[in-house]
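Let's take a walk through this model together, one region at a time. Have the viewer open as you read.

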Amino acid sequence: MRTNEYTIITCPQIITMDDALPVANAVCISGGRIHAVGSEEEMQAFAPQGSRQELHLEKGVLVPGFIDSHSHLSMFAQCCNQFFCDISYGTIAKLLAAFRAFAEKHSGDEWVIGYCYDDTGMKDNRHLTRHDLDSVCADRPVFVCHITSHMGYGNTLALKKLGITLDLTVEGGEIVLGTDGQPEGLIKENVYFQAFQKLPTSPDDQLPRLLEQAIAVYNSQGFTMFQEGAIGLAKGAHALMRAFNKLAREGRMNARGYLHFLPEVMDEMLEMGIWSMPVTDYLYYGGLKSFADGSIQSLTAVLGSPYSCQEGFCGNLVRTPEQIAQLIDRYHSQGVPVAFHANGDAAIEFVVQGFEKTLKGKSNPVKGDMIIHVQMASDDQLARLKACGVTPTFFVRHVNVWGERHANIFIGEERASRLDPCGSCVRIGLPFAHHVDSQVQPVNAIKSIHTAVNRTTTAGRVLGPDQKVSALDALKAYTVNAAKCTGSNAVGMIAPGRYADFTLLSDDPLAIAPEAIETIQVLKTISGGRIVYER
Ligand SMILES: [Zn+2]
């Protein structure tokens with residue numbers, strides 16, 4: 001398909017997400033954008049024969065290209081050189097044996113790095129220790145990131161190299177000690193983030209290719225836009241910016257990228273006056289990303305009442321309420337959208353208060369404000385987010401993957417059953433988005449949509465039936481509503497003027513039986529009128 005002339009795409013069914021014309025059979029595109037939507041005859045009148053190409057999709061349902069509103073594409077891209085601590089190993093002993101084999105195979109690297117360790121998913125049901133990791137390799141530094149990306153583990157040498165000693169104190173972070181009074185290997189939140197910054201990343205010259213490969217995985221799951229959240233988390237922010245810019249300039253991005261930045265990087269960009277500079281149609285400099293707390297399954301989410309598994313403990317904020325409010329105000333006043341990570345109800349409360357303080361009852365002039373994860377938001381907090389014009393984006397796969405563990409271990413049945421309260425959002429008319437949060441979970445929109453509609457756990461039961469949503473609402477969360485998290489009005493809908501970004505699904509998610517949604521396949525992904533994935 002060339003993009004410099006009219007192309008008519010027909011499909012048995014097109015779901016547009018545009019209330020003005022919810023379903024159609026044909027769309028006319030040109031120059032990477034949508035010109036008209038309607039019936040095949042209408043499009044033919046619009047682009048007469050001789051001036052048009054045609055693409056007839058014989059089967060399937062065409063929907064707007066999926067937009068992921070939060071994940072870590074650059075980390076996902078670099079995981080290929082790391083060991084995946086898959087829970088399917090079952091036991092720590094089996095996992096360590098595989099990890100040892102991996103380390104031997106990668107004997108040329110100094111560091112041995114693993115990712116996605118999930119303690120409560122293992123039969124041993126415990127964290128790794130430095131002794132475990134010393135058994136993988138004692139003469140090379142070994143580091144493992146927890147699945148939440150909010151904590152990690154080092155072997156003895158890694159702890160030494162990362163400066164994790166008894167004298168180290170970091171505000172909003174924790175070094176867990178063993179019975180011998182020495183660091184046991186586990187580090188949390190700000191200690192972890194500081195250590196993470198020191199871990200080696202892929203060589204600069206490999207980055208563009210790795211990012212391209214990661215984008216291809218997103219394309220294969222129907223994504224035509226992703227968020228990188230955030231640049232500055234790992235070391236090498238400048239190299240990453242160069243890589244993204246190179247791909248965009250050379251027309252090598254097959255999905256639109258919207259980059260979030262940690263304060264240090266955002267400050268540099270603001271100082272140079274290059275933030276908000278339009279790079280290309282495929283690269284957007286997005287908002288500020290910051291954290292209010294951690295995650296429930298690392299016991300670092302900040303709750304209003306204690307965790308079920310630890311008496312009297314509610315978690316610790318990684319920033320004070322004053323710091324949260326100041327950050328929001330400081331960037332918002334410069335027109336920068338703010339994306340705050342908050343999981344626990346108490347952390348969410350401080351973020352909501354921060355937005356309320358900044359806006360002082362005025363309507364929000366900044367597009368693209370969002371609150372990431374928002375797992376334990378109350379109905380009252382959601383109503384106040386709506387009043388602030390802030391979009392919640394839910395990591396709804398939690399209900400399936402960790403729902404049982406949240407109910408049985410961390411927060412109890414009652415609080416677990418209203419995790420990721422999408423149903424509440426629908427009831428109060430608050431548009432919400434979904435995200436895949438890769439590398440935490442595989443890149444997969446269909447599984448999120450399935451979870452949002454069914455809310456079944458790994459035990460096969462429904463957790464919080466009143467928070468289920470319709471397939472239409474779940475689809476909106478990856479299209480028209482996710483577009484709100486980008487501040488762009490050119491994505492998320494099949495409507496004139498928008499980008500020609502489409503996903504062809506094997507079945508109609510709105511018509512298929514809810515329990516069969518997960519069987520839907522992505523057949524094709526089209527970005528700016530170009531086919532970037534075909535099954
Ligand atoms: Zn994340």
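**From the sheet to the zinc**

K289 has A339 as its bridge partner in β16. Before going further, a word on the ground rules: this is a predicted model, so residues are numbered from 1 along each chain as its sequence is written, local features need pLDDT of at least 70, side-chain atom pairs count only at pLDDT 80 or more, and totals for chains, interfaces and linings use all residues. Side-chain values use heavy atoms, with hydrogens and water left out.

Back to that pairing. Strand β15 (residues 283-291) and strand β16 (residues 338-342) run parallel and are joined by four bridges. Two strands count as paired if DSSP finds at least two bridges between them, and the elements themselves are DSSP runs numbered from the N terminus: helices are H or I with at least four residues, strands are E with at least two.

What does β15 pair with besides β16? Strand β14 (residues 256-261) also pairs with β15 in the parallel sense, over four bridges, and there L259 stands opposite Y285. How many of the residues of β15 are buried? Nine of its nine, where buried means under 20% relative accessible area, exposed over 50% and partly exposed in between (1.4 Å probe, protein chains only).

Zoom out, and these strands belong to an open sheet of eight, in the order β6-β13-β14-β15-β16-β17-β18-β19, with parallel pairing. β6 and β19 stand at the edges with a single partner strand each, so one side of each has no neighbour in the sheet. Further along, β17 (residues 370-373) and β18 (residues 391-394) run parallel and are joined by three bridges; M370 stands opposite T391 there.

Now for the packing. A nonpolar core here is a set of buried Ala, Val, Leu, Ile, Met, Phe, Trp, Tyr and Cys residues joined through side-chain atoms within 4.5 Å. The largest one has 87 residues, of which F66, I231, F244, M253, F261 and V351 touch the most other members. Helix α8 (residues 237-249) gives the most to this core, with eight residues. Leaving aside neighbours within four places in sequence, V351 is in contact (heavy atoms within 4.5 Å) with A292, I324, I328, F340, A342 and I371. Apart from this core lies another of 23 residues, including V191 and L262.

So where does the zinc ion sit? H70 (NE2), H72 (NE2) and D437 (OD) coordinate the zinc ion at 2.1 to 2.5 Å. Donors are N, O and S atoms within 2.8 Å of the metal (3.2 Å for Na, K and Ca), and as water is not among the atoms, sites may look incomplete. The donor spacing in sequence is H-x1-H-x364-D. H72, in the loop between β6 (66-67) and α2 (73-78), and D437, in the loop between β19 (433-434) and α17 (445-454), are 365 residues apart, so the pair links distant parts of the chain. H72 counts as buried because its relative accessibility is 7%, and D437 is buried too, at 6%.The loop between β19 and α17 also holds Q439, and the peptide bond from S438 to Q439 is cis, with omega near 15°.
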